[in-house]
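Q: I am new to this structure and would like to learn how to read its features. Could you walk me through them?

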Amino acid sequence: MHVPLFITAHGMDVYNFEKFFIFRRIISFSFNMSKKSIAVSNDLVEKMNSLGVKKDKITLLINAVDTDRFKPLKNYDIRRKYGIENEDILILFVGYLDVFKGVYETIESFCLVNNKNSNTKLMMVGEGPKENELKLKISEWSLENDVIFTGDIEPAKVHEYYQAADIFLLPSHVKGVPVVVIEAMACGLPVVVSNTEIINDGINGYLVPIRKSELTAERLNRLIDSKNLREKFKKESLITIGNEFNIDNKVEKLIQLYRNI
């Protein structure tokens, strides 16, 4: 129809289909037919290029966050709703409950942490195909009182769950810059994550290898044991978000991209 077309790739919309020849061809064709293809991480730029998307078609524009909503507040209402005491350390996971998000490593590392620190809780926000298996594991490990499954939370309220937590955990198998990590950092949470481009290990969070539950647990324990370390990561996270991931900056870049076309 000769209408300028822009396509944004967020990650799994490419990664999930790259091993299928026909889907690779369709993805490559679609991106190359667009005026511009937007990638939200450096790894995704390289992946799209490897699928045959021309480099001059790809624009890197990392996700951003609305800091008027995602900001460092303490939400005690959510804690009370789920029976979490003020002195408890709440570790938060937000995402699709499937293998590639590191859900098994999440509960394995929490089990190790909980054995050492009985005042810890884990909250799993989201839904997915592995939810029942995860609940069975938690039951086997007698963690039913310490692990909370909230189900899917409407986007307009999800910031309240970050603001109720003390630490954010996402041992994802997929490379990139997940929106949930940016949201957690904007809410001032210290993060323990895998495969996240914006984390400078030991400066604004902990970067852990995938499938390393013991190491992940050790990093969580460091944060649990040190309020000063949590405050340091919080400060550095807010600087990172303010400098690079403010939504107004992204909107301006998008407008300029559209205007150029």
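Q: How do the residues of the lining of the second largest pocket divide by class?

A: There are seven nonpolar, two polar and six charged residues in the lining of the second largest pocket. In this scheme Ala, Val, Leu, Ile, Met, Phe, Trp, Tyr, Cys and Pro count as nonpolar, Asp, Glu, Lys and Arg as charged, and the others, Gly among them, as polar. Please keep in mind that this is a predicted model, where local features need pLDDT of at least 70, side-chain atom pairs count only at pLDDT 80 or more, and totals for chains, interfaces and linings use all residues. Residues are numbered from 1 along each chain as its sequence is written, and side-chain values use heavy atoms, with hydrogens and water left out.

Q: What is the volume of the second largest pocket, and which residues are the closest to its centre?

A: Rolling a probe the size of a water molecule over the atoms shows where empty space is left. On a 1 Å grid over the protein atoms alone, a cavity is a set of points where a 1.4 Å probe fits but cannot get out, while a pocket is an open set with protein on both sides within 12 Å along at least five of seven lines; lining residues have an atom within 4 Å of a point. Grid points are joined across faces, edges and corners, and a volume is the space filled by probe spheres set on the points. Here the second largest pocket has a volume of about 310 Å³. Its lining has 15 residues, and the closest to its centre are Lys74, Ala165, Asp166, Glu231 and Lys234.

Q: Which helix gives the largest share of that lining?

A: Helices (H or I, at least four residues) and strands (E, at least two) are DSSP runs, numbered from the N terminus. The largest share, four residues, comes from helix H10, residues 227-244.

Q: Is Asp166 buried or exposed?

A: Buried means under 20% relative accessible area, exposed over 50%, and partly exposed in between (1.4 Å probe, protein chains only). Asp166 counts as buried because its relative accessibility is 14%. You will find Asp166 in the loop between helix H7 (158-162) and strand S7 (167-170).

Q: Which polar contacts does the side chain of Asp166 make?

A: A polar contact is a pair of N or O atoms within 3.5 Å; within protein, one must be able to donate a hydrogen and the other to accept it, and residues adjacent in sequence count only if both atoms are side-chain atoms. The side chains of Asp166 and Arg79 are joined by a polar contact of 3.2 Å. A polar atom of the Asp166 side chain also lies 2.8 Å from the backbone nitrogen of Leu90.

Q: Where is Asn75, and is it buried or exposed?

A: Look in the loop between strand S3 (58-60) and helix H4 (76-81) for Asn75. With 13% relative accessibility, Asn75 is buried. A polar atom of the Asn75 side chain lies 3.0 Å from the backbone nitrogen of Asp77. Contact means heavy atoms within 4.5 Å. Not counting residues up to four places away in sequence, Asn75 touches Glu160, Gln163 and Ala164.

Q: What is the volume of the largest pocket, and which elements give two or more residues to its lining?

A: The largest pocket has a volume of about 390 Å³. Of its 21 lining residues, the closest to the centre are His10, Met12, Lys101, Pro178 and Val179. The elements that give two or more residues to this lining are helix H1 (12-15) and helix H8 (179-186). By class, the lining of the largest pocket has eleven nonpolar, seven polar and three charged residues.

Q: How many residues of H8 are buried, and what do they pack against?

A: Seven of the eight residues of H8 are buried. Those buried residues pack against strand S4 (89-94), H7, S7, S8 and H10.

Q: Which residues other than glycine have a positive phi?

A: Most residues other than glycine have a negative phi, and most peptide bonds are trans. Among those with a positive value are His2, with phi near 60°, and Asn195, with phi near 55°. His2 is exposed, with a relative accessible area of 87%, whereas Asn195 is partly exposed at 23%.
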